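I opened my notebook to record what I looked up in this structure. The entries follow in the order I made them.

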Amino acid sequence: MRIVANIFALMLLSTISLSAQVAMQHMRGLTRAQMDSLVHPTVHPQGSSIVSVDTAFYELGTLYEDDAPVKRVFTLRNTGKAPISIARVRTTCGCTVPEYSDQAIAPNGTAPITLTYNPKNRPGTIDVDAFVYIKGEDKHPMARLSLYGEVIDKDVWSHLPHAMGALRIKRKEVTITELPRQGKPSVRILCANSGEKALRLSSRLLPAYASFRTEPAEIAPGVEADIVITIDVAKLPKSEQNIRFPLLIDGIGGKPSARTIHVTIDKTK
């Protein structure tokens, strides 16, 4: 049964891929204006004498990526003198799904069109159009419905991918290559306090040639900071070429392996 399902899935993917290739070949020979007209077709010039909508757009406001899909209902009215029915509703984004009935709408009658927007994996601006086509007049849409808003990442610290308890940091491995004969070169790692209490970080069991601090020394909740690792070149072992040591951060929860930065000093550069 699983083999049959896998074969079916492969056939489906092949069909989708072929359809996409055909679409791309079709689009390749078109001008920018022609391609735009396919994505955003011109509304029928006599559309307002056939249909009207209670509102042309909805402002969805600010959504998070993990919010539930949002529904908005538009009311389509038959402003003509003969019954009409909806042939199709096409949206400009797969994130938005239309729902409607193809039943006849009498003159001055109304019908709902529901647009459901899913913000999952859609950070950024919401700017979606839905084009309403009527049976018998389906070369041009009769109305355009729009959704606007913004989707933001629930994790405001997504640019700091590594979590060490409440501490978020940019990277867990660093390499120091600039080693003057004298001096104390440093490397900085961007970090932030994603918790609700201030953090004061330290590090124990460092080798004699290394030191650790944060700037600022106390990291307030919701604030970014720098972890600064400094090397005293004069104290480095003379015989080793490359040196690698773990830097264990104290002041945050978690297992030692989960709050360790690995530092490499490359003396060959």
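Entry 1, the disulfide. I count a disulfide when a pair of cysteine sulfur atoms lies within 2.5 Å. The structure holds 1 disulfide. I looked up its partners: Cys93 and Cys95, with sulfur atoms 2.3 Å apart. The angle about the S-S bond is 140 degrees, and the link of Cys93 and Cys95 is right-handed.

I had to keep the ground rules in mind: this is a predicted model, where local features need pLDDT of at least 70 and side-chain atom pairs count only at pLDDT 80 or more, while totals for chains, interfaces and linings use all residues. Residues are numbered from 1 along each chain as its sequence is written, and side-chain values use heavy atoms, with hydrogens and water left out.

Are Cys93 and Cys95 buried or exposed? Cys93 has a relative accessible area of 15%, so Cys93 is buried. Cys95 is buried too, at 6%. I also checked Cys191, which is buried at 0%.

Helices (H or I, at least four residues) and strands (E, at least two) are DSSP runs, numbered from the N terminus. I asked how many of the 11 residues of strand E7 are buried. The count is 8, so E7 (residues 124-134) is largely enclosed by the rest of the structure.

Next I looked for the partners of E7. Two strands pair if DSSP finds at least two bridges between them. Strands of a sheet pair through backbone hydrogen bonds, either parallel or antiparallel. Strand E4 (residues 86-91) pairs with E7 in the antiparallel sense over 5 bridges. There, Thr91 has Ala130 of E7 as its bridge partner. E7 also pairs with strand E8 (residues 143-152), antiparallel over 9 bridges. Ala130 stands opposite Leu145 in E8.

I noted an open sheet in the order E9-E10-E12-E17-E15, with antiparallel pairing. Strand E9 (162-164) and strand E15 (210-215) stand at the edges with a single partner strand each, so one side of each has no neighbour in the sheet. The twist averages 30 degrees from one strand to the next. For such angles, axes are lines fitted to C-alpha atoms, for helices over the stretch in contact, and angles run from 0 to 180 degrees between N-to-C directions. Inside this order, strand E10 (residues 167-169) and strand E12 (residues 186-193) share 3 bridges in the antiparallel sense. Leu167 stands opposite Asn193 in E12.

I found the order E11-E19-E18-E14 in an open sheet with mixed pairing. Strand E11 (173-176) and strand E14 (202-203) are at the edges, each with a single partner strand, so one side of each is left without a neighbour in the sheet. How do E11 and strand E19 pair, parallel or antiparallel? E11 and E19 (residues 260-266) pair in the parallel sense over 4 bridges. Ile176 stands opposite Ile265 in E19.

I found Gln46 in the loop between helix H2 (32-39) and strand E1 (51-53). Gln46 is partly exposed, with a relative accessible area of 47%. Gln46 and Met142 are 96 residues apart in sequence, and 7.9 Å apart in space, C-alpha to C-alpha.

Conventions
Buried means under 20% relative accessible area, exposed over 50%, partly exposed in between (1.4 Å probe, protein chains only).
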